[in-house]
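Open your viewer and get ready to select residues by number. This short tour tells you what to pick at each stop.

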Amino acid sequence: MTFDSERELQRLEGKLKALRSKEYIPDALLEIVARTAAIQLEARAAEPAVPLPELATPEAHAQGAPLLPRDAFTYDRARTAATFGRLLAMMRAAGGSLGAAAEVVREAMEKGELAVEDACDAALRDDAAWFDAWALRLNDAPSLVRFLAMGSVVPSVEVLAQAVAAEHARRTGADQPGATPVVWQHGHCPVCGSAPLVGRLVGKEGALHHTCSFCRHEYRAKRLQCPFCLEGESKNLEYFTADGEPGFQVHVCTSCKGYIKVADFREFDRISIPVLDDLESLALDIVARQQGYARPTPSAWGF
Ligand SMILES: [Zn+2]
Ligand SMILES: [Zn+2]
């Protein structure tokens, strides 16, 4: 599978234009988003194919086992450290409280208190306690180290996830023309087992696709099901929209009080890049929270 970085860069430019029209997204944040996405695209284009590790058996997978659990993902240490360095330099240049926090991170690395590998390994195993220690130290930018670690492993993780999904499609025949699309029933990501970040509706019949919060794999999900607690009673599953945010829905579950945002751009000439759709619909997070709902997976853009 080839990665068309030229095309991705064009899509990114188009998406950033849409984001710039949102008055409530600060310019400084958009600048960081734009640079981060560009750094990741560049790193992604340079990622070589890696040999595939052993995947879950088709039988175990059918029962819901992820093909390759999140903590079994690998990444290239040297390239990832270089990406971490670029993201950190960008944050330092941003100035303000974010820049000051980035400076603390740089000093900690210099003193040997923070190793990029430790941060990236913590990101792979979703080690909240490890990142909490840094959050305490970086009051003004509590999620900065998490952002840097996740942001640096993303290129490797995406490439591996894509290879895993392709291999699975090949071995099950799902890559053949005319194959029945697989609707994944288990909530979490079929590739790595993490919770979904956002969703979008695709095609004439509005198939629901979720994008994984970790490996960014996009998969077709069950329409009437909470992806977090698997509630399937339609009376407990609702969605709402907001006048100021056409093209987005918020799917809520009254059982677990979780929500996920779903883009529906089928009637619009708009570009969907799921991780940026999430940012574009920031206003809906506020509405959802006001109504007592919470999202289990934070935005990729929290610092
Ligand atoms: Zn995943
Ligand atoms: Zn639920």
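Predicted model: local features only at pLDDT ≥ 70, side-chain atom pairs only at ≥ 80, totals over all residues.

Stop 1: Select residues 5-172 and colour them. That is domain 1 in the domain assignment. Now give residues 196-290 another colour, for domain 2. The C-alpha centres of domain 1 and domain 2 are 22 Å apart.

**Stop 2: where the domains touch.** How many residues of domain 1 are in contact with domain 2? There are 15, and they meet 12 residues of domain 2. Stay on the domain 1 side. Select helix H1 (5-20) and helix H8 (144-172), the elements that each give two or more residues to this side. H1 has the largest share, with six residues. What classes of residue make up the domain 1 side? Nine are nonpolar, five are charged and one is polar.

**Stop 3: the residues between them.** Show side chains on H6 for Ala-119, Cys-120, Ala-122, Ala-123 and Leu-124. On H8, show Val-145, Arg-146, Leu-148, Ala-149, Met-150, Ser-152 and Val-153. These residues make the contact of H6 with H8. Colour them by class: 10 are nonpolar, one is polar and one is charged.

Technical notes: Residues numbered from 1 in each chain as written. Chains lettered and ligands numbered in written order. Domains from an automatic or database assignment. Contact = placed C-beta atoms within 7 Å. Helix = DSSP H or I, 4+ residues; strand = E, 2+ residues; numbered from the N terminus. Nonpolar A, V, L, I, M, F, W, Y, C, P; charged D, E, K, R; others polar.
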